[in-house]
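Subject: A structure for you to explore

Hi there,

Here is the structure I promised to pass on to you. Please open it beside this email, so that you can look up each part as you read.

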Amino acid sequence: MPHPLPPSTWPSAAAAEQSALFAPLRLGALELRTRTWIPAMVPWRATEDGFVTPQVLDWYERFARGKPGAIVVEATGIRDVPSGPLLRIGHERFVPGLRELVEVVHRASEGETRLFLQVIDFLRIRRRVASERFLGEFLVLRDAHVAALQKLARPVTDEPSARRALLELSAPELESVLSPRELQELTHGARETVNDLHLPHVADLPRALPPLFAGAARRAREAGFDGVELHYAHAYTMASFLSRRNERSDGYGGSPRERVRLPLEVLAAARREVGSDFALGARILSDEIIDGGSRLEDALFYAAELARAGLDFLSLSRGGKFEDATQPKVGEAAYPYTGPSGHECMPTVHVRPGTPFGRNLAHAAAIRAHLRSAGLSTPIVAAGGIGTFDLAESALASGACDLVGMARASLADPDWSAKVRAGAGAAVRRCKYTNYCEALDQRHKQVTCQLWDRAHDAPPAAGTRVARSADLKRRLTAPPWERSSAEADPRG
Ligand SMILES: Cc1cc2nc3c(=O)[nH]c(=O)nc-3n(C[C@H](O)[C@H](O)[C@H](O)COP(=O)(O)O)c2cc1C
Ligand code: SF4
């Protein structure tokens, strides 16, 4: 049985004005008008070569019209390499498009919303190939394979006969012949990790990444963003450095201090580039969830180290790892939000035990308390199943966080902030937390919400046009808030 959505009482406009949620907050040199925060969400609307498109502008403009305190623009690649329809900022040529995006958001929110850019690095991942191709072609044959085959009494005279023998093995036999890494590549597709020091570009990450992140942060500042969020969370390079599974032996892995070394060096390099008057934050995991991964106690240490190093905000997430992802189909790549850690990252109404609603707040509270007890005032952003005013307000009142992240709740209704602030909370289109949107993300399809179309089956009014997805079936942005006279904004 799915968990029912929690009941919600919505404040009057006057009560909202007095609330903690709609109170301002300082992030370093920057003031946020309210504490509503839309965390990064990739909508798959950039061009194949990473540029801002009119659809990207429409997507963020739609969020900005709801006037949240902050929007974090989707994970944006810091390298100048092809990465599919993900935004990129690895070269000056990306700046004009991003500048237009900033202008659109500032204009649509009438200056109420601060815009951050999430900057990301990720390692190479390959699609899963059929066993015949993997064993017959891709697997690098080693003496150990030949010895193991001979132990199984398989005749091996040369490479073709070894490959033929491998193809005839049963699953348990294959497990005894292949290394755990090779088995993983066979079942889930090959994937680089930060432990692959034999690969020169992986060994070189501690030299390569600080200037790449710093360059991205500088360009974000040039484009007019109010701040940058360093993506140190989920399945990507920087989170892998923070992971307990980071076993690098070059001074950047092993102990917690060595694991946080590169994240600190990246932060320092970015700070040198953007100066002290530009908001620089990071998103980390309060728990990786996977076996052998980092736990809350690691996150406490990382949070304090990063805060001491001058981070202006710390956004928290949980899980979202490749290590426990489900097996992709042949021809597809593993997706880090399919396994138990993924279910913690974007919890649905089917999650067990507990409910998705405010699921990550206990960890956020522990991290915030740890920082405060160390005299560190870095604002904390929490997210995970927060969609009601009551929960947002109690998260702030209880000291779990300073800013309330609402990703899917804002996707379902980008006017969440505007409605609640105007005393029209009852008109909020409430997220169902069943992850239709996330399934689209998984297939790299344009992300939309299942509730938008349902609410607006009627054809658009004459003379208007509703932008549709590539398959023409779904509207690409949320329907407008059609205010009744009772919902008129009392602030005009
Ligand atoms: C479609 C989609 C795309 C996402 N893309 C990102 C991303 O680019 N970077 C990131 O840090 N988190 C990403 N997330 C995770 C959200 O920022 C958020 O942490 C998660 O959805 C839990 O918050 P919620 O319960 O308020 O939705 C994405 C989530 C969704 C649903
Ligand atoms: S698609 Fe479902 S989970 Fe996603 S925002 Fe809409 S209602 Fe929420």
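Predicted model: local features only at pLDDT ≥ 70, side-chain atom pairs only at ≥ 80, totals over all residues.

Eight strands close into a barrel, in the order 3-4-5-6-7-8-9-10, with parallel pairing. On average, neighbouring strands of this sheet are turned by 30 degrees against each other, if direction is ignored.

As a reminder from class, strands of a sheet pair through backbone hydrogen bonds, and they can do so in a parallel or an antiparallel way. You can follow this pairing residue by residue. Strand 3 (residues 36-38) pairs with strand 4 in the parallel sense over two bridges. Here Trp37 stands opposite Ala70 of strand 4, and Ile38 stands opposite Ile71. Strand 4 is also joined to strand 5 by six bridges, and these two strands run parallel. On that side, Thr76 stands opposite Val119 in strand 5, while Gly77 has Ile120 as its bridge partner.

Are the residues of these strands buried or exposed? In strand 4, eight of the eight residues are buried. Strand 5 (residues 114-120) is mostly covered as well, with seven of its seven residues buried.

**One side of helix 17**

Next, please find helix 17, residues 389-397. Its buried residues are Phe389, Ala392, Ala395 and Leu396. Why do they lie on the same side of helix 17? Because they cover an arc of only 135 degrees around the axis. Among the elements that cover these buried residues are helix 16, strand 9, strand 10 (403-405) and helix 19 (416-421).

Which residues are closest to ligand 1? They are Pro39, Ala40, Ala75, Ala407 and Arg408, out of 25 residues that surround ligand 1. Strand 4 (70-77), helix 18 (408-412) and helix 20 (436-442) are the elements that give two or more residues to this shell. Helix 20 gives the most, with three residues. By class, the shell around ligand 1 has 14 nonpolar, six polar and five charged residues.

Ligand 2 has 13 residues around it, and Arg408, Cys431, Tyr436, Cys437 and Cys449 come nearest. Two or more residues of the shell come from each of helix 18, helix 20 and helix 21 (450-455). For ligand 2, helix 18 gives the most, with three residues. The shell around ligand 2 has eight nonpolar, three polar and two charged residues.

Finally, here are some places in the loops.

- Ala153 has a positive phi of about 60 degrees although it is not a glycine. Ala153 lies in the loop between helix 5 (143-151) and helix 6 (159-167), and it counts as exposed because it has 7 C-beta neighbours inside 10 Å.
- Ile289 also has a positive phi, near 75 degrees, and is a residue other than glycine. Ile289 is found in the loop between strand 7 and helix 14 (296-308). With 22 C-beta neighbours inside 10 Å, Ile289 counts as buried.
- The peptide bond from Arg352 to Pro353 is cis, with omega near -15 degrees. Pro353 is in the loop between helix 15 (340-345) and helix 16.

Enjoy looking around!

Best wishes

Definitions and conventions: Residues numbered from 1 in each chain as written. Chains lettered and ligands numbered in written order. Near = placed C-beta within 6 Å. Helix = DSSP H or I, 4+ residues; strand = E, 2+ residues; numbered from the N terminus. Nonpolar A, V, L, I, M, F, W, Y, C, P; charged D, E, K, R; others polar. Pairing = 2+ DSSP bridges. Axes fitted to C-alpha atoms, helices over the stretch in contact; angles between N-to-C directions. Buried ≥ 20, exposed ≤ 12 C-beta atoms within 10 Å, placed from the backbone. Arc of directions from axis to C-beta. Contact = placed C-beta atoms within 7 Å.
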